[in-house]
Each structure stands twice: as structure tokens, then as C-alpha cells.
Amino acid sequence: MVNFIGRFNVVPSLPEKLEPLREIAYNLFWSWNHDAIELFRRLDRKLWEDSHHNPVLMLGKIGQDRLNVLVNDDSFVSHMNRVQVQLNIYLEEKTWYQKQYKYNGHKLIAYFSAEFGLTECLQIYSGGLGVLAGDHLKSASDLGLPLVGVGLCYKEGYFQQYLTNDGWQQERYEITDFYNQPMTLVTNKDNTPLKIEMNFPGRKVYVQVWMIQVGRVPLYLLDTNIPDNTPEDRTITRTLYGGNIETRIQQEIVLGIGGIRALHAMGIDPQVCHMNEGHSAFLSLERIGYLIKNHGLSFSEARDINFYSNVFTTHTPVPAGIDIFPNELIEKYFGLYYRNELKMDDKTFYSLGTIIKDKAPGNFNMAHLAMNMAGSVNGVSQLHSKVSKKMWMAGFVDIPFDEIPIDYVTNGVHTHSHLSADMQELLYRYLGEKFFQNPADYDVWKRIDEIPDEELWRTHERRRERLVAFARNRLIKQINERGGSASELSFAKEVLDVEALTIGFARRFATYKRATLIFKDIERLASILSHVNFPVQVIIAGKAHPKDEEGKKLIQEIVAFTKEPLLRKRIVFLENYDMNLARYMVEGCDIWLNNPRRPFEASGTSGMKIIANGGLNLSVMDGWWDEAFSPELGWKIGNREEYDDLDYQDELESRLIYETLEKEIIPLFYNRSLDKLPRGWISMMKNSMKKLGPVFSSHRMVEEYAKKFYFSSYEKRRGLVEAECVKGKEYSQWKNKLNENWGKVKFINVAAEVKNGDMNVGLKYPVTAEVDLGELTPEDIDVQIYYGKIGDGNDAQKLSVTMKNVPRKIKSNIYFYRGEIECTDTGQFGYTLRVVPKHSLLNNPFELGVIKWAE
């Protein structure tokens, strides 16, 4: 390899009159502004497609002759100026956050994620987790939230998929030229690249930082591919989810520890850190180290102060989806770090990597680290919260299942990023400006009913027509690239029908998502798809992880099905699923099929993206659909059943898909009135749009995160660190005292004041208790009655009522408590008593992991 002795950058040369194009191109506001997208398309339509919708690359490649023409094109210049005004208004107008909240500080919240799906030209995402993170930033921008994003800058990103003639997935990795992307290198005041250094075993690793402007929100990406590093270390941030387990821990160290250091180097001191999955959980250690170094705190003091300003969102419903590192590897990278910078011993350090108490951990679990270090933990749907509690209940001994402190915030999607230009124009016409300002406003969506059925249907039909045209072109491209025959090319030009009921299935090809379920009975499926009068077609896309052989086999099976004589005109598999392909599918499909094996879909967001586009869902009752489904909004597969016999489940649920198609979906779609409109179908479209649109929006999601977690976390953090962390130290001392003395807490006597066991509805059942608190006081604890109906099962709701400390002289450390159970329902009830910690800072009484039950 030639060693270059100097470097320089070449940037696009634009006529002064066209300089606003540069400003527009470098703010991803254009990615959800159809007027801006059309502006870049007008520059050069072919170049727009060839550049993978990258306006910065376009500006560098477009010919000077074309620019000279555009300078004198008053229509184009007017269009450009209009988009620039839209961007400036967007950046300057008063936002939801500015109207509702006025916290001091420039950037209060840092959102960490291993991937971000922002737009197709930025290959720093692999799938749903990344697109969700991208939508989070976009909605944070729209809402004006003082937030920054932190991620990794992958030179190769995720792989590009192509298939062999027999349908086997192959992977191709494309090198990304960051200097021709809508991103800029963060520099010091002297214009040299900002770099941070990190201690790795026996060496230093240096990291530079790139910035992507996402509306009002900056996203900072960390990059080790710089000459300061060894060839091996330059590849740390090369590939998303690539390499071996050592590459993975290196990436997560750069993301978590390097991310915090990079923010500090840029003068940003985040008061709240949100870990989107456990990949970035090492940030919690660096935040502790920062407080130890700069405020002279002990490890326990620093940890307690940071605890409430960390938020952890888990996305996985199975332990296999969590990063777990062997202790030997952790020791290699963290031995000196935890001894020298965190001032702690090995036993304490390794206990952070497990939620299982009183058992020496054999490995280091990143999700457990995040849970141990975050005051707020949540799943991504109501059902996923329950699944997470079940998965991790061993870490919450003696705590009732429904009170395990794992909350939920159901995912949402950035409506304007996934909405077709045609549908956006229609909705703007009838819903008005408020639809753009707040897509989570229920009242705005109610105006969907004002849209004439014919206009809504014709708009949706246009998108289906464009999807079919796109699919044909993509098939032709696939066939050409693998050297297909003339007959294959001829056939590809006629595949699919622009008027047929179109089902979409596009997602990661993990086995639990059951991509081949609809193919269980080929003859029955063929009879459904090839009906002369009521045709149906299926468009499928998705990638399997490069190491997932079973997922690749599923793709191969589907490709084989597409070649069956009875199916080949009605089923297509489109290669290289990305945000562009996803956009065409969610904008044009009539039905979105989702059939994972319940309860393994934590949330799922692809089905949310079709809502505003007028598509309808056919899904297993899992993830978000478990809380969204209603018969007037779409269709369900099954009734929340979970099976031990998986073959039986597949057989049964595949039949349910066929029956739902045959008896409900197809008749409704093809039931046309005299004006050839499917009035019943359109009514369901409108119901889905107006009732689900505002709920499953990332605006609602981010607002919920802000109100539920961010703002309260900030308030606690601010109170704990002010005046040289006085309150933080006091809280840490209280917590230590509580833990040291908890073993002495015990019930001396529990009694019911009512001798007769029967109570009438409306009366109160009084209970008293004498409790020995040892060295603790009534201000440190709550004594509660915990009660519920007997025989209703573990999932039945149980209630608790706090008992009052009644002044009664017994002994100095024994206290008398009295409480009452309100008898509002009939039946047999049981009760017991418990003691739990009490402090104004606690998010819930169970986060300290201690509880004392009456025996």
C-alpha cells in the first residue's frame, strides 16, 4: 500500500446563486421534505438514482454545463429558494419543547445507538433498530428537544444483498466515502480534526468524530479509521455487526466510553443518557469515572448520582439477542480501567454485569449492566414489557411480577419520513398545517373522514401502480446482474398486476418471523393468488444475517416458490432490502403481513409505516399489534395463543391466514359499488388512519420518553450534583445505611382487627402490625398491605396500600402500623404485609432490590 504524505479535500464548486443547495444538502431535513427531494431530483434524475439519493455526491458529480443551465432557470432557482425558506422556518420556529419547557442547558439529552437509519445513502443501519433510532432523532428535532445522537461511523456499513441463480444470499460490502456524504468532520478551532484518545490493552486508540445534522439535532459518529491508529485498530468501526466477539467489545467501548469523551471534548455535558439497547452500556462507567475525577467522589457516590440520569431501552425478547462477553475478555479491556479510574475492586465491578445477586457471574451481560446502571428501564411495547419481566425475573427475587421495574414505551414511526408524496399532498389539503406540526394530534387525524372516498382510493392506487413499476424494474435489474435469459427479462416486464390486491412482507429474515408461513399449503395459496376475478399478489423482501444459515434457507425457499408455474406471476422477491425499497412497499401495499412467533416480536414498526399511507395490517397478536388491533382497523392471526408444538402452531396459523384472506380480506377488497370503489375497504382505511396514525407516531413516542423519563431524570440529576454534589452524597449515605441495616428489619406481630372473616362490600378491613426497624426509622421505609383475590392466577391484578405509623410506645426500634383494605368487590381475598424502602428520589421502591415480607 502506498503511504500518502499529504491529504486535501475537493468540494463541489457551485455558482454563487446556487449556494443554498449546499446548505440544504447538508441538513437531513430534506429526507422528510418531499419538496426538497423533488428539488434534487430536478438537478439530474438519473444522477439522483445513481447516487443512491445522495445530494452531496450529486453536487460533486453534476456537470458545470448543467449548473450553468440551472442558474438561468428561474423556475428551479425559485424552487430552491422556497426549500431554503422552508428549512430556515423549520429551524427558527418555536417548538413544542420551547413552548412547554424551559430547562437550562444547550443539549441535555444524549441518545446512543449502534445504528441509525436516517436515509438510504447513509449506510449506518441494518434494520428496524436503526430506523427506529433515526425516527427518534427526527421527532426529537421536530419537537425541539435538546438532544444529540451518538453512534459509530461504519466504513462498510451493513452488507448489500444479491442472490445466486438458485436463490442463495450473497453479501457484498461497499466502501462509504464520508467526504461525499451529508456529513462533516468535527474540527478544533484551528480546523484540525477533533480527536479523542482511549486506552486499549498495551496501546492507545484514537477516534475522530463526524457530524450529521438531522434537522435541529446533531448526530455524532465515531470513527477509528485514521492514520494515528494501527491497521488493526483502524478497522474497529469498519463494519456494522461484523468481525468477531473482540471486534464487538471494541466497538462498544468506542461507542459508550468514547461517545461520552467525544461529547465532553466538544463542550457537551449531557445530563441524561439514553441507551438504545445495551451496546452503549459502557457509557455508564465513563460517566461514573468523570464524576470521580472531577468531583472527588467515591465509586458508590458517583454511581448513585448517575443512576437516575441513565435510561435503558431493551428491544430483545430473548436472551440470545443480548451481547455477553466472557470475563477474561472484559478483564483484558477493563482491568486497569476499573481499578485506576473507577477505584473499585474486581468483585464489585463484575457484579455490575449481572442482575443475579449472590452468585459470582461467569460472564458480563451488557443488558444487565445497563439495567444495573439505569434508573429507568423500558421495553418497546406493552407486551414486550411483560416478556422482559419474565425473561429477567430471576434478578428480582421476592418482587411480585407485575411490580418488576421494567416499564414500556411503545415504538412509533416518523410519519413524514414514511409517507408518500401523493398521500402527503392529499393529507395536507384536508388535514391542514397542523398535520405537519404535530402528527400525534388525535383531533387532526379525525378530519380523515372529510377526504372523499374517491380521492383517497385514487391516491392509494397510484402508489400501488408505482410499486408494481418499481418491482418490475428491480426484477429486471436483478436478472441482468446475474446474467439471466431473454425470456426471464421478458417475463419480468409482465409480472404483477397494478389492480390486484397486493400483500407486502418485508423484514429481517430471522427464523422466528416465519417468512415461509404463507407457503405452507402451496395449492391453496395458488388458488387464492391466481383467481381470475379476484387476483392477489405478494411482494417479499428482506435480508438474513450473513451468519444465519437458516435465514438464508428461507430466502432460497421463497425464491424457489416464485419460479413455480402457478405462482411466478403473483409472487416476487426483491433483493437488497433497504430504506428505499421499504418506502415503495409501505406506500403501495394494500395489506402488510406480519406473522412472527408470539411473543418474539418486541414491537415491530414496519406495519406502522403503512398506516398513514392507507395500508391495512394482517398480523399475529404480537408486539405493537397486540395493543393496536380492533376488528374495524385490520385483521389478526390467532388469539394471543402460545404453543409448545411449533409445527402444529405453524399449520394452524397458516390456515388462519388463508381463511382470513378468503373469507374477509379478498371479499371486502373486491366488493365494489357502482362507481367501482371498495367503500367498505376505504372505510377501514380511514378508521386505521385516524385511530392508529396519531398513536403509533414517533412524536408520541418521543414525547412519552421526555415526559416519563428525560425531564424527571434531568431534575434529579440537577438536584444531586448542585453545590458540589451535597444531596448526591447524602443520598448515597442513606442508601448505604439502608442496605447495611436491612437484614435487621422484621415483623414482630401482624393482626386483623376484625374477628369475623366475612366483610360486606363498602366496608374496610383493618390490619395492624408491629415492625422492628433496627437502625432505620419510619422515614426510611413504607409498610404496605399487599392483597388480591385468591385463585385468580399470577397475572391477576394485586394491589397495595401503605399503612400509617401510629405513635405508640413499644420499644425504641419497634413501630406500630395500621392500615385498611377497602372492600369494593366480592369474593375471597388474601393479604400479606411487606416493608419497602422509601425515599423521594426512588423511581420505585424495588430498584434497590430489597424487600421484607411478613412470614
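Visitor: How are H17 and H20 oriented to each other in this model?

Guide: They are roughly antiparallel. Keep in mind that this is a predicted model. An angle over 145 degrees counts as roughly antiparallel, and here helix H17 (residues 421-431) and helix H20 (residues 453-481) pack at about 165°. Their axes lie 9 Å apart.

Visitor: Is the crossing of H17 and H20 left-handed or right-handed?

Guide: Left-handed.

Visitor: Which residues in H17 and H20 meet?

Guide: From H17 come Asp422, Met423, Leu426, Arg429 and Tyr430. Facing them in H20 are Glu455, Leu456, Thr459, Arg462, Arg463 and Arg466.

Visitor: Now the strands. In what order do the four strands of the open sheet run?

Guide: Read across the sheet, the order is S24-S23-S27-S28, with antiparallel pairing. To spot an edge, look for a strand that pairs on one side only: here those are S24 (799-802) and S28.

Visitor: How many bridges pair S23 with S27?

Guide: Nine, linking S23 (residues 781-789) to S27 (residues 829-837) in the antiparallel sense. For one of the pairs, take Tyr786, whose bridge partner in S27 is Thr832.

Visitor: And how many bridges join S27 to S28?

Guide: Two, and S28 (residues 852-853) also runs antiparallel to S27. Val835 has Lys852 as its bridge partner in S28, while Arg834 is partnered by Trp853.

Visitor: Where do side chains point in a regular strand?

Guide: They alternate between the two faces of the sheet.

Conventions: Residues numbered from 1 in each chain as written. Predicted model: local features only at pLDDT ≥ 70, side-chain atom pairs only at ≥ 80, totals over all residues. Heavy atoms only, no water. Axes fitted to C-alpha atoms, helices over the stretch in contact; angles between N-to-C directions. Parallel < 35°, antiparallel > 145°, perpendicular 65-115°, else oblique. Left-handed = near helix turned anticlockwise from the far one by under 90°. Contact = heavy atoms within 4.5 Å. Pairing = 2+ DSSP bridges.
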